[in-house]
Amino acid sequence: MRLVIAQVKHETNTFSPVPTPLARFAHGAPLPLEGPAVRDAYKGTGTALGAFIDLAEQAGAEAVYPVAGNAAPSAPVEDEAYEAMAGRIVAAVAKGCDAVLLDLHGAMVTRSFDDGEGELLARIRRIAPSVPIGVALDMHTNLFPAMGQHATVIAGYQTYPHVDMYETGVRAATPILKSSRPTMAFGHRPMLPHVMRQSSLDSPNREIQARAKEMERQGALAASFFVGFPHADIPYAGSSAVVVTDGDARKARSLCDELLDMAWNARKQFVYEVEPLEKSLLRAKEMGGSKAGGPVMLLDHYDNCASCGTMDTMAVLGGILDAGLADVAAFAVFDPRAVEQMQRAGVGARVTIPLGGNLEMPALGLKGKPRQVTGNVRRIIGGIYRNEGPMARGELADMGAAAVLDTGKVEIAVISRHVEPHDIASFRALGIDPAGKRYVMLKSRVHWRAGLGPMARAVVECAGEGVCTSDYSQLQFRRVRRPVYPLDPDTRPTA
Ligand SMILES: [Zn+2]
């Protein structure tokens with residue numbers, strides 16, 4: 001058996017100004033990996049690609065690896081980048097194979113295509129009309145019909161934070177490799193669940209994902225509910241579901257509709273109310289009297305990397321500095337220029353530099369607003385580290401050249417590649433112990449809970465500025481299909 005195994009992962013925020021060239025898909029190398037280097041890098045990792053490698057080897061299959069690319073979320077993918085990766089996969093399939101296993105995100109918009117994944121699958125189908133294609137997807141998939149029509153099996157993460165990437169790979173590949181008769185149903189409900197309300201650790205998604213898992217225990221080959229990614233102004237942004245059964249189309253349809261109905265009936269619980277920043281910081285200050293029980297987490301949720309934030313808006317960090325909060329670790333401000341300035345000054349130097357605010361956000365009509373910060377350069381590193389897990393365990397991560405700027409009250413991580421702080425290793429690499437702090441500021445919404453959740457005493461959600469704004473009224477939706485809840489409160493489920 002010959003398998004084509006590949007990874008192309010990108011979540012696209014169409015409001016983000018952060019560009020997405022091919023190099024963004026690589027970690028610790030100038031370009032995405034290909035060939036045996038993919039196996040060497042991903043064997044043993046807690047990723048869908050890691051699962052595909054294991055299953056291929058267990059099946060005694062010959063596997064070829066045309067590409068493994070995983071970019072931090074950002075603006076639509078440049079055409080050259082997309083064509084380079086899609087071209088490698090299609091060329092590998094064209095040489096002949098018995099099955100294709102793909103580790104995709106499911107919300108990739110390119111400069112030319114709203115549905116990067118559907119376009120890739122359509123191209124594979126044109127040259128291999130009947131080859132089985134198993135696809136692992138992120139829970140933030142925005143499912144276009146082409147994905148459901150061209151894939152043989154789709155399995156999505158059932159956890160957010162995403163700590164079941166490996167298991168999802170197993171669920172996507174097993175029906176393909178075990179020669180069952182996968183039969184798939186997919187569908188949508190017209191709703192945009194709010195990212196701040198999507199965690200599978202909380203209601204209502206906890207119950208929906210539990211039901212999907214139960215369906216699999218009861219015989220479905222794969223059952224997935226996708227919360228969708230709302231910061232994408234494309235027709236199929238929003239929630240969807242896919243259920244795969246062994247040859248029973250009617251069952252697949254009814255289980256898929258059941259997941260969608262659960263989500264629709266809970267739509268009001270998926271709406272998030274924003275608290276003004278001043279109020280949040282006042283609450284934080286009141287909570288900071290004692291260190292007992294661990295740090296208070298301050299979430300800069302308008303500017304998190306995993307939702308394609310620039311990671312360089314200074315509203316929340318500036319508020320923390322102005323409020324005089326002390327014993328704070330902050331991860332992270334994306335500012336390659338500031339890192340260079342600190343490198344030139346050297347460890348131990350005292351510097352006053354403009355920090356953040358380099359990127360303009362035209363989709364929101366916002367200019368970048370740097371802030372002068374004075375502090376000591378505590379540490380300078382290269383920035384490559386390995387995730388300890390539980391999310392993407394063992395995968396290489398790259399924050400680029402990075403430094404710690406210590407104001408005396410706040411230790412600020414300054415980085416030159418975007419990474420979400422979901423892993424303790426991102427702090428360890430910089431010599432910061434977040435568990436010992438009074439406060440930890442994170443440019444994260446939900447993923448931080450994977451690696452840092454257990455240390456948190458309390459959480460304060462801080463509304464700052466950025467292209468992952470939690471206030472949908474700041475975004476100009478022009479192309480998402482309407483009506484859609486909650487933009488249109490009277491939306492009907494069949495819309
Ligand atoms: Zn996701």
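Just after helix H6, Ser179 has a positive phi of about 45°. The model is predicted.

Biologist: Which protein atoms are the donors of the zinc ion?

Modeller: Asp138 (OD), Asp138 (OD), His140 (ND1) and His162 (NE2). They lie 2.1 to 2.7 Å from the zinc ion. Along the chain, the donors follow the spacing D-x1-H-x21-H. His140 sits in the loop between strand S5 (133-137) and helix H5 (145-150). His162 sits in the loop between strand S6 (153-156) and helix H6 (165-177). The two are 22 residues apart, so the pair links distant parts of the chain.

Biologist: Are His140 and His162 buried or exposed?

Modeller: Buried means under 20% relative accessible area. His140 has 4%, so His140 is buried. His162 has 2%, so His162 is buried too.

Biologist: What is the geometry of the zinc site?

Modeller: Four tetrahedral donors would ideally give 109.5 degrees. Here the angles among the four donor atoms run from 53 to 145°, and the site is irregular.

Biologist: What span should H6 have?

Modeller: Count 1.5 Å a residue. The 13 residues of H6 should span 18 Å, and the end C-alpha atoms are 18 Å apart, which agrees.

Biologist: Which residues of H6 are buried?

Modeller: In an α-helix, residues three or four places apart point the same way. The buried residues of H6 include Met165, Thr168, Ala172 and Ile176.

Biologist: How much space lies in the largest pocket?

Modeller: Rolling a water-sized probe over the atoms shows where empty space is left. The largest pocket holds about 670 Å³. Of its 40 lining residues, those closest to the centre are Asn70, Ala71, Ala72, Pro73 and Glu420. The lining divides into 20 nonpolar, twelve polar and eight charged residues.

Note on methods. Residues numbered from 1 in each chain as written. Predicted model: local features only at pLDDT ≥ 70, side-chain atom pairs only at ≥ 80, totals over all residues. Heavy atoms only, no water. Donors = N, O, S within 2.8 Å, 3.2 Å for Na, K, Ca; no water. Tetrahedral: all angles 85-135°; square planar, octahedral: opposite > 155°, others 65-115°. Helix = DSSP H or I, 4+ residues; strand = E, 2+ residues; numbered from the N terminus. Buried < 20%, exposed > 50% of the residue type's maximum accessible area, 1.4 Å probe, protein only. Expected span 1.5 Å × (residues − 1). 1 Å grid on protein atoms, 1.4 Å probe; cavity = no way out; pocket = protein on both sides within 12 Å on 5 of 7 lines; lining within 4 Å. Points joined across faces, edges and corners; volume = space filled by probe spheres on them. Nonpolar A, V, L, I, M, F, W, Y, C, P; charged D, E, K, R; others polar.
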